[in-house]
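Work through these exercises with the model open beside you. Try each task before you read its solution.

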Amino acid sequence: MAKTANLNIRIDPETKAGAEQLFARFGITITDAVNIFLHQAVMEGGIPFEMKLPRYTPETEQAFREARAIMTGQLPAKGYPSAGALFAELDQEADGAGC
């Protein structure tokens, strides 16, 4: 058996759980997946996938800022008494936007 070395990493529990579920569908463990990634990186001489910053429209970036403000309590979340009331408002917004 080949010698092995330990690698300790820290990752948030939600990401770990999601990765475990994903890799289990392939019949591999997180350790297997990390080994595959590292072998591929060595073979390619770099990260084995293209890394890009996401590009968002100004409207999407504003929606992200608004969502963060709601999550941190800086902005109150809007509520509706029913799904019908929500859809009625959305319809009004769409009509006003010329959709």
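**Exercise 1. Helix lengths**

What span should the 14 residues of helix α3 (residues 58-71) have at 1.5 Å a residue, and how far apart are its end C-alpha atoms?

Solution. Keep in mind that this is a predicted model. Step one: the expected span of a helix is 1.5 Å times one less than its number of residues. Step two: for the 14 residues of α3 this should come to 20 Å. Step three: check the model. The end C-alpha atoms of α3 are 20 Å apart, so the two values agree.

Now repeat the check for α1. Its 14 residues should span 20 Å, and its end C-alpha atoms are 20 Å apart, which agrees.

Last, look at what follows each helix. Just after α3, Gly73 takes a positive phi of about 80°.

**Exercise 2. Salt bridges**

Find how many salt bridges the whole structure has, and describe each pair.

Solution. The search finds 3 salt bridges. Take them in turn.

Step one: Lys16 and Glu20. Their side chains meet at 3.1 Å, N to O. Both residues lie in helix α1, 4 residues apart, about one turn of the helix. An α-helix has 3.6 residues a turn, so residues three or four places apart point the same way. Lys16 is partly exposed at 40% relative accessible area. Glu20 is partly exposed too, at 38%.

Step two: Lys52 and Glu50. Here the N to O distance is 3.6 Å. Both residues are exposed.

Step three: Lys78 and Glu89. Their salt bridge has an N to O distance of 2.7 Å. The pair links distant parts of the chain, 11 residues apart. Lys78 sits in the loop between α3 and α4 (83-96), and Glu89 sits in helix α4. Exposed means over 50% relative accessible area, so Lys78 counts as exposed at 57%. Glu89, at 21%, is partly exposed.

**Exercise 3. The largest pocket**

Describe the largest pocket: which residues lie nearest its centre, and which element gives the most to its lining?

Solution. Step one: the volume. The largest pocket holds about 450 Å³ of space. Step two: the lining. It is made of 16 residues, and Leu7, Ile30, Thr31, Val34 and Asn35 lie nearest the centre. Step three: the elements. Those giving two or more residues to the lining are α1 (13-26) and α2 (30-44). The most comes from α2, with 6 residues. The lining divides into 10 nonpolar, 5 polar and 1 charged residues.

Conventions
Residues numbered from 1 in each chain as written. Predicted model: local features only at pLDDT ≥ 70, side-chain atom pairs only at ≥ 80, totals over all residues. Heavy atoms only, no water. 1 Å grid on protein atoms, 1.4 Å probe; cavity = no way out; pocket = protein on both sides within 12 Å on 5 of 7 lines; lining within 4 Å. Points joined across faces, edges and corners; volume = space filled by probe spheres on them. Nonpolar A, V, L, I, M, F, W, Y, C, P; charged D, E, K, R; others polar. Salt bridge = Lys/Arg side-chain N within 4 Å of Asp/Glu carboxyl O. Buried < 20%, exposed > 50% of the residue type's maximum accessible area, 1.4 Å probe, protein only.
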